[in-house]
Amino acid sequence: MKTRQRESLIFDRSIPGKVGLDLPKLDVPAPKDTRPAHLKRSDFEALPSVSEVDVIRHFTRLSKWNYGVDDGLYPLGSCTMKHNPRLNEKTAALPGFTLSHPMADAAHVQGNLAVMYTLQEWLKEITGLDAMTLMPSAGAAGELTGVMLIRAYHVSKGAQRRVILIPDSGHGTNPATAAMAGYDVVELPSQPDGTISFEDVTDPSTGKVRKGLNTLIAELGTEIAGAMITNPNTLGVFEYRFKEVADALHAIDALVYMDGANMNALVGVARPGDFGVDVMHLNLHKTFSTPHGGGGPGSGPVGCVAKLEPFLPRPVVVRKEAKLGEGEVPHFTYELDWNRPQSIGKVHTFFGNFAMLVRALTYCLSHGGDGLKAATLRAIVNANYLRSELLGTYNLPIKSPTLHEVIFNDADLATHDIHTLDVAKGLIDRGFHPPTIYFPIIVSGALMIEPTESESKEELDAFVEAMKDIAQEAAENPDALHQAPVLASLRRLDETTAARKPVLRWTKAQ
Amino acid sequence: MRYLPSAPAEDRALLDAIGVQKAEDLLTGIPESLRLGRELDLPGQASELEVLRALEAMAAANTAFRSRFLGAGAYEHFVPTAIDMMVGRQEWFTAYTPYQPEISQGTLQHIFEYQTVMCDLAGLEVSNASLYDGGTACVEAALMAVRLAKKKNTILISQGLHPHYQEVLCTNITPHEGLKLVQVALKDGVTDLEDLKAKLNGDVACFLVGYPNFLGCVEDLTAIAELTKPAGALLVSVTQEAMALGWIEAPGKAGADMACGEAMSFGNVPNFGGPFLGFLAVKDAHKREIPGRVVGQTKDLEGRTGYVLTLTAREQHIRRDKATSNICSNQGLVALRANIFLQLAGPEGLKGLAEQNAAKAQYLRERLLALPAFSAVNDQPFFNEFALRYSGDVKALQAACAQAGILAGLDLTPYSDSLKGCILWCATEMNTREQIEHLVEVLAKLVA
């Protein structure tokens with residue numbers, strides 16, 4: 001079926017008098033107008049007058065220009081675009097949950113608190129950490145919560161430390177978070193395989209020496225509050241000296257934060273709490289299958305070791321054994337503990353993105369401990385299959401063993417003047433969403449591919465075929481690839497003009 | 001495991017192609033000593049039916065109230081059927097952030113339209129693609145105001161700001177050692193202008209005020225702006241009930257420099273407090289300091305109109321520690337629900353709904369005040385929420401209501417000494433006259 005090439009803005013279709021929502025008959029007297037004259041709502045300038053049919057067709061047509069996980073492989077590295085089970089949507093939509101009010105007394109929301117407590121317990125076992133909060137709304141919010149825990153820990157010991165160490169391979173949110181928590185960021189250089197360097201590193205092109213972990217610890221000492229480390233790192237490589245890094249930091253009472261964006265490589269296989277992590281976040285919208293929603297809502301629970309537990313955001317969900325009567329079945333009640341004198345305070349207006357927690361618990365219960373581990377292993381197998389199948393066609397800059405994702409780059413295509421962006425756009429024409437591109441920044445022209453456990457061999461093979469086809473076109477007809485995409489709803493877009501002369505909303509004059 | 005495309009023959013083929021015996025052989029990058037040397041101590045996998053039953057049992061453990069009169073930052077409004085049907089399309093809910101514009105025009109155009117309707121509601125020129133919730137929107141707005149104000153170090157907040165927003169602000173401002181958070185008192189339910197005047201010194205970057213405030217009162221933004229403007233402080237309106245913006249003047253038109261708050265009321269449900277929808281709208285002159293994602297209009301190679309993420313030089317993936325915020329994932333799908341809702345409602349629907357809210361709340365207040373146990377706390381204009389003093393035991397009132405299947409208003413006792421024994425009531429278009437009469441009947445019996 002042919003879809004329309006363009007769908008205009010809804011505002012251009014507004015015709016006064018049309019309505020998309022009928023009001024119920026008012027069963028009480030009309031309101032008295034108590035507003036001061038200057039605070040009466042003036043006319044709207046943009047809200048459209050359209051029918052329900054207009055709106056349904058508008059959003060249906062627009063949706064067809066999106067690519068979703070159900071369209072096929074979505075290999076965005078470090079984003080973990082796995083299948084979103086429909087059962088999760090069903091459980092999250094149960095009216096018992098959706099109608100429950102965050103200001104209601106705990107006695108009326110025992111089911112919600114049971115969901116939260118149960119999920120916390122699962123996540124504690126999965127991470128090997130002692131305590132968990134589910135309040136942060138996304139990964140970055142989890143990072144901020146975690147770094148604030150680190151800060152509260154040092155403040156409680158009477159020490160104000162000013163530096164957070166972050167590897168140069170880290171996600172941009174890490175330094176942005178450290179800055180939001182009032183810290184100075186000092187960069188840790190990578191070794192050629194992307195893992196943290198203990199020794200100083202000399203840049204071969206500039207001759208500039210970058211201080212390694214040993215030098216930074218020797219020079220900055222107790223100025224260092226902690227380090228934020230992604231593991232496996234953004235190259236998909238496990239920081240094999242993680243324990244040594246943690247020990248070196250712990251020796252100066254600095255704490256280790258782990259960015260859990262890549263936890264899909266570790267669930268059931270290795271636990272951060274066992275290899276030296278003090279505090280970390282999980283992305284429920286990555287590892288635990290809650291939908292990405294075109295940019296959210298996410299959820300970023302934070303786990304920590306016992307010594308950081310007193311500082312957790314309030315309230316904390318706790319379980320109490322109910323008093324048992326004669327012959328009564330043992331049961332528990334759940335409470336919200338607000339009396340947390342050392343807490344950093346609230347990090348969310350209420351209790352985080354609760355409906356995402358319902359989805360994540362549904363995912364956990366469906367998989368069970370054995371299924372979670374099986375998913376991890378399959379994700380690693382899938383990434384390594386792509387690695388072995390594409391080796392020889394694309395340049396593999398890092399040869400170390402990789403887990404759930406693999407990084408290629410455009411080094412072998414440069415002779416044809418074909419770059420990573422062209423490969424990405426070529427994939428669009430071949431029916432795939434491109435991988436993460438130009439990240440991590442320590443690899444030139446990176447193509448960061450994470451297939452996840454959801455992909456069958458058939459899907460993986462189709463992707464391999466598309467990638468090989470692009471490499472062949474790069475050699476034979478590079479100009480055609482420069483034109484890609486030609487089959488999407490639009491060609492390449494002018495992002496420079498968009499930023500220089502921003503048009504950020506529709507206006508009548510337009 | 002139904003979500004894994006696993007079968008012995010397929011697994012074998014994959015492993016053979018890689019050249020390993022078993023999946024565990026691919027873990028060589030993880031030192032043995034750092035691996036979990038056992039299986040996870042968790043229950044085993046379960047069928048769809050079993051998991052559904054377990055979650056249904058949990059949902060059923062919540063009290064199912066037949067009528068609800070509680071707001072306080074989380075409001076129940078009608079959700080048109082079209083919203084769930086639309087958002088259930090996988091193209092919307094399974095997609096990632098629109099980094100590849102050629103195959104994300106749906107999401108990008110939606111965000112552009114969302115920015116447009118939010119600007120219209122706020123009476124301002126630039127909106128971002130959403131923030132987490134009302135509380136964190138206050139944080140982002142305050143930090144943005146501090147950046148704009150350069151060397152000023154004081155954030156003034158009205159005592160009438162939602163207490164949870166105040167606490168979230170405090171949590172996030174504490175690490176910034178140079179910054180001070182100072183509260184301005186309430187008088188008769190609204191900001192005390194004399195106290196505000198006294199505290200507006202040269203160090204004040206901004207003033208955050210609820211509009212309407214936590215007690216439901218409509219603050220006079222225009223009168224407040226007359227004080228903040230000459231003092232050189234930015235006025236930030238904080239709307240915890242966005243439906244009110246169909247009743248009271250757009251904050252930007254009433255004098256606010258920035259408008260932020262909570263927009264869950266548009267097409268979303270209480271959901272125990274999340275996911276909600278933080279919003280932030282600002283003046284055009286301030287756009288390069290706005291946090292979060294922003295979509296702009298542009299052209300493609302053939303001159304066709306399209307949309308892209310823009311002004312990215314503000315963001316964490318480019319600026320790292322110099323970014324305007326660390327936010328990346330925001331509330332995409334929640335914003336989509338709000339956008340669909342606002343398009344369905346249109347100007348007439350939104351004003352009409354808002355009017356019904358005002359009508360229901362006024363009627364409820366009148367009926368409650370007719371009972372001798374209730375008295376007014378203030379006589380300020382309000383939208384769909386108001387506080388009343390109760391001469392009896394608030395906890396007993398809430399329990400009696402719960403017994404009758406009614407979720408009563410919020411006990412304000414813990415929030416301030418002067419509000420001891422007061423209750424914050426809310427009524428929306430969801431509350432029928434019959435529900436209100438039933439509530440009054442239950443309360444009348446209790447009082448007697």
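How many residues of chain B are in contact with chain A?

## Where the chains meet

In this predicted model, 189 residues of chain B are in contact with 204 residues of chain A. Between them, the two chains bury about 16,600 Å², and carbon and sulfur atoms account for 63% of that area. On the chain B side, the residues that lose the most area to chain A are Glu102(B), Phe272(B) and Arg320(B). Together, these three make up 6% of what that side buries.

## Charged and polar links

Now for the links between the chains. There are 12 salt bridges between chain B and chain A. Glu167(B) takes part in a salt bridge with Arg314(A), where the closest N and O atoms are 2.8 Å apart. Polar contacts can be counted too: 96 residue pairs, with both residues at pLDDT 80 or more, are in polar contact between chain B and chain A.

Which helix of chain B gives the largest share of the side that touches chain A? That is helix α12 of chain B, spanning residues 332-369, with 25 residues. Sorted by class, the side of chain B that touches chain A has 93 nonpolar residues, 57 polar ones and 39 charged ones.

## The largest cavity

The structure holds 8 cavities of 30 Å³ or more, and the largest has a volume of about 200 Å³. This largest cavity is lined by 18 residues. Closest to its centre are Ala141(A) and Leu144(A) from chain A, along with Tyr132(B), Thr136(B) and Asn172(B) from chain B.

Two helices, α5 (139-156) of chain A and α6 (134-148) of chain B, each supply at least two residues of this lining. The element that gives the most is α5(A), with 4 residues. By class, the lining of the largest cavity has 11 nonpolar, 6 polar and 1 charged residues.

## The second largest cavity

What is the volume of the second largest cavity? Its volume is about 120 Å³. The lining of this cavity has 15 residues, and those closest to the centre are Gly294(A), Gly295(A), Thr107(B), Ile111(B) and Gly332(B).

Here, the elements that give two or more residues to the lining are α5 (105-122) and α12, both of chain B. Helix α12 of chain B is also the one that gives 25 residues to the side touching chain A. By class, the lining of the second largest cavity has 6 nonpolar, 8 polar and 1 charged residues.

Technical notes:
Residues numbered from 1 in each chain as written. Chains lettered and ligands numbered in written order. Predicted model: local features only at pLDDT ≥ 70, side-chain atom pairs only at ≥ 80, totals over all residues. Heavy atoms only, no water. Contact = heavy atoms within 4.5 Å. Buried area = accessible area lost by both parts, 1.4 Å probe. Salt bridge = Lys/Arg side-chain N within 4 Å of Asp/Glu carboxyl O. Polar contact = N/O pair within 3.5 Å; in protein donor to acceptor, adjacent residues only side chain to side chain. Nonpolar A, V, L, I, M, F, W, Y, C, P; charged D, E, K, R; others polar. 1 Å grid on protein atoms, 1.4 Å probe; cavity = no way out; pocket = protein on both sides within 12 Å on 5 of 7 lines; lining within 4 Å. Points joined across faces, edges and corners; volume = space filled by probe spheres on them.
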